[in-house]
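Me: I have a structure open and want to learn how to read it. Can we go feature by feature, general idea and then the case at hand?

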Amino acid sequence: MRSVSTSCPDRALHIFASLFHVDPVSLCLALLVVPACVQAMQPERAGRAVVLCVAALAAVLGLSPAVQAVALGVIAAQDRGACPAVWSVPALLLSVLFPAQTVVVLAVLPVLFWSALVRRPDGGQEGGAFPAVMGVLGVSLVWHAPAAVSAELVAGLGAAVIGLLGRSVLGACRPGDLGLLRPVLLMVLVVAAQAEGLAVCARIALEATLLDLSLLVLTAALGRVFPVLSVLRLPFPPLPGLVVLWLGIHAALGMAAGVEGWSVLGVGVALLLGLLGLSDILVVGRVFRAWQGRVSGVSVLLVGAGSLLLPALVFGMVSPVLHFVGGEWVWPVWRMGGGDGASLRLPAFVLTGAVLWCVLVRPWRVVGGIVQTASTLLPALGNLLSVGDGLFEEAPSLGWKMRCVIVAGRRRLRALGGVKAPVLPDLRQGAVGLWLMLLGLVLAVLGVMA
């Protein structure tokens, strides 16, 4: 009897492990999903957030490709500006038939980021309906596909960014939140470094990934009340966005120096990360311009606390996950290592300046003080950041031959648009039933193939 009783927990753990991803990275991503769904919570539609959270957890933790495809389909059906069914349905069905393939992963990414990058969101909202959730799902998609070719994923992501920027420039329309693709790109570096045996480089890239996702989740959870928190994504000192950019560039250059065949590709990833950092400046400027209220002192204090504590707090909480990937416990309170001998002493500079300010200035004795000054300067910062939108207000003047090529391409796209699938009604109410029916069809195909 004793042997049977002791084997029951092991058997239950084996069954749990056979159904779900139980590695530390997947569990960490699942923990990020819950606060990321706060953005979908509305008083009159509380059930929408519950459906979104359950489906996102199933997509992150589910081991079955069919379950992941159904969960992603349910999430996509919750957004009116989601990817068209003529693309999303075949892509999700192919993800069940050919899981973890490079082409399939690249085909599923537009399903996640379509409303944020291709279609302009309604109501002036940046990043689509659920930007933080889609960011976590994109990272999970790459993490659960270690067999995918990292070089091809980087090439696909780079081509997507260049194509979206070219579309914005030629079409005189502002680009979407391209920074949502940065965590996905960083996770590609993590998978590539692990495949090449570079544990330190993988840990550095994972640090940047988790900190970037934490910034997205924090902005999604508190962005309606404190829109100023989007400033934390900017790649300027002493903001955490600079830490993300610095760690990502060092991870990419570490791959370029340590892996044969990544010499050019690693430098390209570093340049692409810098380009995505510049796109964050445009996004934050538009958030400031859309939100024309007065910046409160609480918002200023939150930005200051995030600059001081957020990187150390995030790395301290996810240190077991970093230890799982890189074999080292990380809590960079004073300085941050880049894996190649370089170190960023930004925390030391910020903490030392904060202590000197508290001792010499004594801000609690000054009415208003620096908080009031920052409250008046932040709107001016928003106006300064939104200057870059002028690049997309007017299409460039091109030569006659180039314009003929563009016009011909637009005519072909319009012709393709005439034969696209008919516009489906609002499927959010019957999304679960629809995707269960599609799952049945996929399982039937798999049964015939077996």
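Reply: Gladly. Note that this is a predicted model. Start with helix packing. Two packed helices are described by the angle between their axes and the distance between the axes. Take helix α2 (residues 24-36) and helix α10 (residues 199-222): their axes come within 9 Å and cross at roughly 15°.

Me: How are α2 and α10 oriented to each other, roughly parallel or roughly antiparallel?

Reply: Angles under 35 degrees count as roughly parallel. α2 and α10 are therefore roughly parallel to each other. The crossing of α2 past α10 is left-handed.

Me: Which residues of α2 and α10 meet?

Reply: α2 supplies Val 25, Cys 28, Leu 29, Leu 32, Pro 35 and Ala 36. α10 supplies Leu 206, Leu 210, Leu 213, Ser 214, Val 217, Ala 220 and Ala 221. By type, the residues of this contact are 12 nonpolar, 1 polar and no charged.

Me: Which residues of α2 are buried?

Reply: Val 25, Ser 26, Cys 28, Leu 29, Ala 30, Leu 32, Val 33 and Ala 36. As for length, α2 has 13 residues and reaches 19 Å from first C-alpha to last. That is close to the 18 Å expected at 1.5 Å a residue.

Me: What is the angle between helix α8 and helix α9?

Reply: Helix α8 (residues 150-171) and helix α9 (residues 182-195) pack at about 165°, and their axes are 10 Å apart. That makes α8 roughly antiparallel to α9. α8 passes α9 in a left-handed crossing.

Me: Which residues of α8 and α9 meet?

Reply: From α8, Ser 150, Leu 153, Val 154 and Leu 157. From α9, Val 184, Leu 185, Val 188, Val 191 and Ala 192. The residues of this contact divide into 8 nonpolar, 1 polar and no charged.

Me: Now single residues. Why does Ser 88 count as buried?

Reply: The cut-off for buried is under 20% relative accessible area. Ser 88 has 7% relative accessibility, so it counts as buried. Ser 88 is found in helix α5 (residues 85-97). Beyond its neighbours within four places in sequence, Ser 88 is in contact with Cys 83 and Val 111.

Me: Where does Ser 279 lie?

Reply: Ser 279 is in helix α12 (residues 263-290). Ser 279 is buried, at 7% relative accessible area. Setting aside neighbours within four places in sequence, Ser 279 is in contact with Leu 178 and Gly 179. Ser 279 and Leu 165 are 114 residues apart in sequence, yet 9.7 Å apart in space, C-alpha to C-alpha.

Me: What should I look for in the backbone?

Reply: Most residues other than glycine have a negative phi, and most peptide bonds are trans. Ala 100 is not a glycine, but has a positive phi of about 65°. Ala 100 sits in the loop between α5 and α6 (102-117). With a relative accessible area of 27%, Ala 100 is partly exposed.

Me: Which residues does a cis peptide bond join?

Reply: Pro 237 and Pro 238, with omega about 0°. Pro 238 is in the loop between α10 and α11 (240-258).

Me: Last, how many helices and strands does the protein chain have?

Reply: The protein chain has 18 helices and 2 strands. Of its 450 residues, 46% count as buried. Among contacts with a separation of 6 or more, 75% are between residues 24 or more positions apart.

Methods:
Residues are numbered from 1 along each chain as its sequence is written. This is a predicted model: local features need pLDDT of at least 70, side-chain atom pairs count only at pLDDT 80 or more; totals for chains, interfaces and linings use all residues. Side-chain values use heavy atoms; hydrogens and water are left out. Axes are lines fitted to C-alpha atoms, for helices over the stretch in contact, and angles run from 0 to 180 degrees between N-to-C directions. Helices (H or I, at least four residues) and strands (E, at least two) are DSSP runs, numbered from the N terminus. Angles under 35 degrees count as roughly parallel, over 145 as roughly antiparallel, 65 to 115 as roughly perpendicular and the rest as oblique. A crossing is left-handed if the near helix is turned anticlockwise from the far one by less than a right angle, and right-handed if clockwise. Contact means heavy atoms within 4.5 Å. Ala, Val, Leu, Ile, Met, Phe, Trp, Tyr, Cys and Pro count as nonpolar, Asp, Glu, Lys and Arg as charged, and the others, Gly among them, as polar. The expected span of a helix is 1.5 Å times one less than its number of residues. Buried means under 20% relative accessible area, exposed over 50%, partly exposed in between (1.4 Å probe, protein chains only).
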